[in-house]
Amino acid sequence: METDLESRSVGVVTPQVLTLDLPEGGFRLEDGGSLSHVEVAWEACGLEKPENDNVVFICHALTGDAHVAGRRPGETESSGWWDGIVGPGRAIDTNRYRVVCANVLGGCKGTTGPSSIDPTTGKPYGSAFPRFTIGDTVELYRTLLRQLGITHLAGLVGGSFGGIQVIEWLAAHPGEVDAAVMIASGAALNAQALAFDIVGRYAITLDPNWHGGDYYDKPADCRPNIGLAQARQVAHITYLSLDLLNRRFGRKQQEDWLAKDAAWQEAHAAKFGTTFAIESYLGYQAKKFLSRFDANSYLQITHAMDRYDAALKYGSIDEVCKRITSRLLLVSISGDWLFSEEQSRTIAAAMLRQGKQVSYSHLDIKVGHDGFLTHTKELGKLMGAFFAPSPREVTPEKRAKLAPIVDMVPANTRVLDIGCGSGSLLTLLREKGVTGTGVEIDFSKIVNGVRANLDVLFEDADQGLGLLPDNAYDVAVLSETLQTVKKPREILVNILDKAKEAIVTIPNFAAIGIRLHLLLTGRMPVGSELPFEWYDTPNTHFFTFKDFLALCRKEGIVVREVRAESSSLIGKLLIALGFRNLGADRVVARLARA
């Protein structure tokens, strides 16, 4: 039976190798070396257009390759490493986009690297292969694309090591990319990630069979296999979260190891081996890696990645983001040891300080770094929304409810919408020339906001809105949110650090309808303004309009304008008579610092 993955696959994708047309002096490297002959292995799939205005380039991860989607010739099943993301109707829809992916410079999958033949000697480069940088890798891709007739990208995507290439591309060559995605990545590796790479490289270079990098004339079993295996095992630990390792392995024993004969058991014990399942798993991963990767390539690529620091190269992370002209989507993953949530947030904050278009979301999938490869359903929803935005339709009912806020926001201003939901308010404000940013913690609502082509950030208002720069907005909106947060006083004060004014809407728990319902039934009401049972409500604070005014006075906040609303005739009458605390179901207030 055909699987969903197969039914929506791109089909057969033929690997290709292109020899680059190089100027005199060859392919010059940032560190001063050069390559006189460069071949690039690449693959492409999806809708090909003569104008090449729909190309999405994907930068693969550290030990990945160009086979991002589909079947290789002769295969019966899809084998692309990102088949869950790339394909017809998928997040990167090949009915809409042409997807191109190429092997990295210095690799061992067809692009020129240490195992390639040096034309000056007729032998593999080995130790003679020059050191290269992330900038060189990006320039290799750009040279390939230009030779294919592609000078501008509709999209640029990279996860992990690929994400580092993305930020370099955006900073070094602004204006070449419309929209970009960085997943589980950052502007540089942190100290822990550097440490793991350093240990891995030492494992290879201290292997007696490394021979200084010149081992290609040796038999396969006389190459630095032990060192490369150890490097892979160390690295693989970092790809999985502690939570996943405990759930999958814990202290489980490997049953087939327990059944080995006595001689094997004795030899294994002599090497201080255990029968834990995690040891067996790491051994399996190492063996599999040896069959597909080269030690010199591992050394070169990790060395280039470790040395890269966008902030150091361009002066600061703000200078990096100042150069970026593309829409940017940042995604972090829970339990990621290599690229923490904070690293994505740092880039997002700098983009905001520079007034750039950025969205950020966090995937709470508890599997660690490799989640962008293994949990494509969650990631695909977000990326699909980003690469296929569509105008959001706001219902007449929603439009009427939001009308008081829309009226209060001046035209052509910049708005921060905290608890933005699916983005209805920001969508309506666009009709007045308003731009802005939404803040939301619900993943499904973030997806909807991104799909509406809005800039939306995953941020918990109760944690202080640290992503957002002070004084960057004209108006901050807190609509139907204040009563749901844990720290309403702190948030009320904080939003006026982010914007000159704030518009706050609150339900009024002193409205006559609520009072009468409590008096007559002794139970909390459930209705249009309070649509939840008491045990299932998001509301954690039940306060009145008078309570709200008292808090504003206490914090030195000026109430510049108030609109009291009611859905009942008696409520409207009471408001007209001046009894707003008794009549209003809902209050809209415009606030400012004293």
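The largest nonpolar core of this predicted model holds 108 residues, and those with the most contacts inside it are Phe 57, Leu 156, Ile 347, Ile 495 and Phe 548. A nonpolar core here is a set of buried Ala, Val, Leu, Ile, Met, Phe, Trp, Tyr and Cys residues joined through side-chain atoms within 4.5 Å; buried means under 20% relative accessible area, exposed over 50%, and partly exposed in between, with a 1.4 Å probe and protein chains only. Helix H3 (residues 161-172) gives the most to this core, with seven residues. Helices (H or I, at least four residues) and strands (E, at least two) are DSSP runs, numbered from the N terminus.

Leaving aside neighbours within four places in sequence, Ile 347 is in contact (heavy atoms within 4.5 Å) with Ile 167, Met 182, Gly 186, Ala 187, Ile 317, Cys 321, Leu 328 and Leu 330.

Residues are numbered from 1 along each chain as its sequence is written, and side-chain values use heavy atoms, with hydrogens and water left out. As the model is predicted, local features need pLDDT of at least 70 and side-chain atom pairs count only at pLDDT 80 or more, while totals for chains, interfaces and linings use all residues.

For the chain as a whole, there are 23 helices and 21 strands, and buried residues make up 53% of the 594 residues. The C-alpha atoms fill a box of roughly 95 × 65 × 50 Å, taken along the principal axes. Among contacts between residues at least 6 apart in sequence, 72% join residues at least 24 apart.

Helix H19 (residues 488-498) is mostly covered, with eight of its eleven residues buried: Pro 488, Ile 491, Leu 492, Val 493, Asn 494, Ile 495, Leu 496 and Lys 498. The cover over these buried residues includes S15, strand S18 (473-479), strand S19 (499-507), helix H21 (545-554), strand S20 (557-565) and strand S21 (586-593). Ile 495 is also one of the residues with the most contacts inside the largest core.

Next come the open spaces. Rolling a probe the size of a water molecule over the atoms shows where empty space is left. On a 1 Å grid over the protein atoms alone, a cavity is a set of points where a 1.4 Å probe fits but cannot get out, and a pocket is an open set with protein on both sides within 12 Å along at least five of seven lines; lining residues have an atom within 4 Å of a point. Grid points are joined across faces, edges and corners, and a volume is the space filled by probe spheres set on the points.

The largest pocket has a volume of about 1,000 Å³. Its lining has 39 residues, of which Gly 419, Lys 445, Ser 479, Glu 480 and Thr 481 lie nearest its centre. Helix H16 (396-408), strand S15 (414-418), helix H17 (424-429) and strand S16 (435-440) are the elements that give two or more residues to this lining, and H16 provides the largest share, three residues. By class, the lining divides into 13 nonpolar, twelve polar and 14 charged residues; Ala, Val, Leu, Ile, Met, Phe, Trp, Tyr, Cys and Pro count as nonpolar, Asp, Glu, Lys and Arg as charged, and the others, Gly among them, as polar.

The second largest pocket, of about 760 Å³, is lined by 39 residues, with Thr 63, Arg 232, Arg 292, Asp 370 and Leu 373 nearest its centre. Helix H5 gives the largest share of this lining, five residues, and the lining as a whole has 17 nonpolar, 13 polar and nine charged residues.

About 50 Å³ of space lies in the largest cavity, and strands S13 (327-333) and S14 (358-363) are the elements that give two or more residues to its lining. The second largest cavity has a volume of about 40 Å³.

Finally, the count of disulfides (pairs of cysteine sulfur atoms within 2.5 Å) comes to zero. For Cys 59, the nearest cysteine sulfur, that of Cys 101, is 7.6 Å away; at 2% relative accessibility, Cys 59 counts as buried.
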